[in-house]
Amino acid sequence: MSWGAREVLWLRVRHLRTRTNRFLNVAGTDLDESTSLTDRMYLLYIAVIIVVWAFLSWNALMGFTARGLTLLSPDTAGLLLATLPLVPAVICLVPSIRALLTSPYKMTEQDIAYLGSDRECVRTAIFLDAARGALGYGVVGALVGILVVGGLNPTESAVPIIATCALAMMAGRLLPWVIGLSRVSPTIRPKALALSVSCLLLAMAIGSAFIPLAVVVTSPKGELMAAACRLEFPAAIALGCGIAAEWVAIVLIAPLTSIVSMIDESEVYAETMAIQSIALVSPRTYTQIIRRRKNERRGPLASLRIGMGRGALLSHTTLSAIRRFEGLGDVLVWSAIIVPAGMPFVLGFGPSLLILPWMLLIIRSSGKPHEMSRVFDDDEGNRMLRSNLPFGPLTLLAIDSLPALVVACVGSTVGCVLTLGAFGSVGTGIVLSFLIDVGTVVCGGLAVVIVPFIYRKIWFEASLLLLVGTVAATPTLGSATISAAIAAVLIAAGMAGIAFGRD
Amino acid sequence: MDGHAIEGFGLPHLARAGLSVEPNPKLAQAETRADCAFTIQAVYHGKSNFKHHGIPDVVIETPLRHLFGRVVMDTILEAKNLSFSYARRTIWHDVSLSLSPGDIALLWGVNGAGKTTLLRCLAGWSRPNEGMVAVCGRDLARSTRREGSDVFFVSDTPPFYEDLTAREHILFLLRANGLSDRGAHALELADRFHLAESLDAYPSSFSRGMRYKLAIVLALSLAPALLLMDEPYGPIDHTSAVLLSHEIELLAASGSAVLLSCHQVPPELAATMQLELEDKVLDVKKSTAEMMS
């Protein structure tokens, strides 16, 4: 191992130690400062707690998955097994597309300052980061494989299934590295060819993930499970070859990469590295900072077809949605996936008990719907300009949220059709989802405006919980009409609070 | 809209600034507040510093609603018995102040005297513990956003949208207020403040001085009845500072009132009033003799 490589390895170990220390700080201890015997005992105590917690959680997860999977027929289980390779394909899709736009290897400001000038160091850092990511994903894949094997009781040996899961995840994780590194290699010409080959590789990877499913589906009924199990061994060998090819590509391309391009594309990452801890306390704030910096880096997209009066407001909010398009993704995930996911349980087509985890998911994802009123937040947060916008808070909220609300309503409609289509209650689901979408906007307004009578702003998560709780109470209330009516009254009250509130 | 309003409109202030007024023909047709955007042609009458900057004719655009306010009330800002405390510490108390159309007031005071706090209270951004602030006869505590604002406060670090360019800021603010015909004038003003080349960039990429100049352009293009500025001469270069002084005089000549805090004497600015925050009290010096002392 060269001196540069050893140095980078030492540096990464130091980084890992610092991260562990940050985590241990929560428990009031530290690896570096725990020198006395008592401190060491306390560290050991923490380690034991973590191991026991992990073991118990794993056992619980195994039990839960096994109970769920044993309910499946052998054919359905075979289909599920054949669908597994699609998971890493989907997982690698987003980073691969990202790799077409930005370098997969991100450098911190310290990396740029101390490693950026040494090509050997950068190459080693690339190998280490790629290997670390692939191994991490491989471990997750193996765990998923063990979970599946535990529940499905396959007809053949479990090892190929576990290996396939692990290798598929590793291959999926390495593909973005190949694509990204070839893109930032100035010696690979022409650029269009490199991009085309990258896209082809991506398409092949995703396409090949469908092969097991196709083979299994075409097998005779009653033999789907056996067909799926037979495929696992060749799939593992193919994936192993794929990983080897990917690794060879990384080894060949890494020395050719442009460090200048990688430094340039690491700008946002390097600048926001120091504030990553904010993500723990306020994920929304952190996300907004990152998106703001990305928007600044991209420069102005599209132009402002500005209208007059309210038309000018609408132009601004539309332009803002286009330029910070990541927010629309959040709105779509919220309206097309998260909200419709709970509708079957709310409308009595599944166990009502699952409403609780759905509501927890809603609260956990509250940063996503908050995006619908982001432009309103921006307007209200800018006192200099807000003072000179001659609109009341309700008008401002309505216009500022309109593009995001339209996207949310489209997403809700599609989501409800997909989740409720089989049950025949699409209309009711859509109405309830629309109420949640509109109500979410109102919750965003209440979080900014000082509401009359109570003379304070209302926490976004609290009002959202009340709204979703009302919709979720449909099984208890006995009718979706009643819950929809109560939700509508709450929304109307919220709108009145905003209209007569003080911003 | 009758002729009386025109004749009575801020003429002494225009004369003081060396300007005369020719009503725009559109004015004769303006009957309601909806016709709020019209222009007054202020013709240059030989002010050397204007000529020095190559500004032979100046067009001042003033919303009609401001004109109504000034003609009828003759007072733009009325602050009575204001007190402000923060963390049990009195910042200032018993502050009373009145600004008429055409007034240019300079607010002095050492660091921490409460100048910014006073400006924030006058803009309606902060609430004083006691007292009342009225702009164009409207109590700020009771006015609503729907009525629009007659005040523009340029704080020492002006905030901007992160997803609009400088040009879009100007056009957006004007059009949201129904003043699209001022766009060309505003962009010309931006050019004079040396912002022309940066108009298509996000203000977040601007230096502090450029951000302040953009805020000045926004404020001047809206021509508010009351313009408040927090240390405007601090971040900008000398040439822009001289230009700012002239634009402030023009705005005041059109019937607005301007109040700005400062630590240095503004270049080539003929202030009509000096205010000093000292020992938690506002000292208003109106006469030249007082100002000189």
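Leaving aside its neighbours within four places in sequence, which residues is I289(A) in contact with?

A: Leaving aside neighbours within four places in sequence, I289(A) is in contact with T272(A) and I275(A); contact here takes C-beta atoms, placed from the backbone, within 7 Å of each other. Keep in mind that this is a predicted model: local features need pLDDT of at least 70, side-chain atom pairs count only at pLDDT 80 or more, and totals for chains, interfaces and linings use all residues. As for labels, residues are numbered from 1 along each chain as its sequence is written, while chains are lettered from A and ligands numbered from 1 in the order in which they are written.

I289(A) itself sits in helix α14 (residues 283-298) of chain A. Helices (H or I, at least four residues) and strands (E, at least two) are DSSP runs, numbered from the N terminus. I289(A) has 17 C-beta neighbours inside 10 Å, so it counts as partly exposed. On that scale, with C-beta atoms placed from the backbone, buried takes 20 or more other C-beta atoms within 10 Å, exposed takes 12 or fewer, and partly exposed is in between. L256(A) is 33 residues away from I289(A) along the chain, and their C-alpha atoms are 33 Å apart.

Stepping back to the whole chain, an automatic or database domain assignment divides chain A into domain 1 (12-71), domain 2 (73-272) and domain 3 (310-499). Between the C-alpha centres of domain 1 and domain 3 of chain A there are 38 Å.

Most residues other than glycine have a negative phi. Y455(A) isn't a glycine, yet its phi is positive, about 50°. Look for Y455(A) in the loop between α22 (426-446) and α23 (460-472) of chain A. With 9 other C-beta atoms within 10 Å, Y455(A) is exposed. H194(B) belongs to the loop between α8 (183-192) and α9 of chain B, and its 16 other C-beta atoms within 10 Å make it partly exposed.

Now for the cores. A nonpolar core is a set of buried Ala, Val, Leu, Ile, Met, Phe, Trp, Tyr and Cys residues joined through C-beta atoms within 7 Å. The largest has 134 residues, and V217(B) and L228(B) touch the most other members. Helix α21 (residues 393-420) of chain A is the top contributor, giving 11 residues to this core. Beyond four places in sequence, the contacts of V217(B) include F193(B), L195(B) and I170(B). A second, separate core has 56 residues, among them A89(A) and V216(A).

Where the chains meet, 34 residues of chain B are in contact with 29 residues of chain A. On the chain B side, β9 (151-154), α7 (166-176) and α9 (208-222) are the elements giving two or more residues. α7(B) provides the largest share, six residues. By type, that side of chain B has 17 nonpolar, 10 polar and seven charged residues, where Ala, Val, Leu, Ile, Met, Phe, Trp, Tyr, Cys and Pro count as nonpolar, Asp, Glu, Lys and Arg as charged, and the others, Gly among them, as polar.

Chain B also has some strands to trace. Four of the five residues of β6 (residues 104-108) of chain B are buried, so the strand is largely enclosed by the rest of the structure. β6(B) runs parallel to β11 (residues 257-261) of chain B, with four bridges joining them; strands pair if DSSP finds at least two bridges between them. A105(B) has L259(B) as its bridge partner in β11(B). β6(B) also pairs in the parallel sense with β12 (residues 273-278) of chain B, over four bridges, and there A105(B) stands opposite M273(B).

How far to trust all this? The model scores ipTM 0.75 and pTM 0.75. Chain B averages a pLDDT (the predictor's confidence in each residue, from 0 to 100) of 76, with 71% of the residues scoring at least 70. Over residues 1-73 of chain B, pLDDT is below 50, although this stretch has 112 contacts in the model beyond near neighbours in sequence. Where pLDDT is low, the predicted coordinates should not be read in detail.

Methods:
Contact = placed C-beta atoms within 7 Å.
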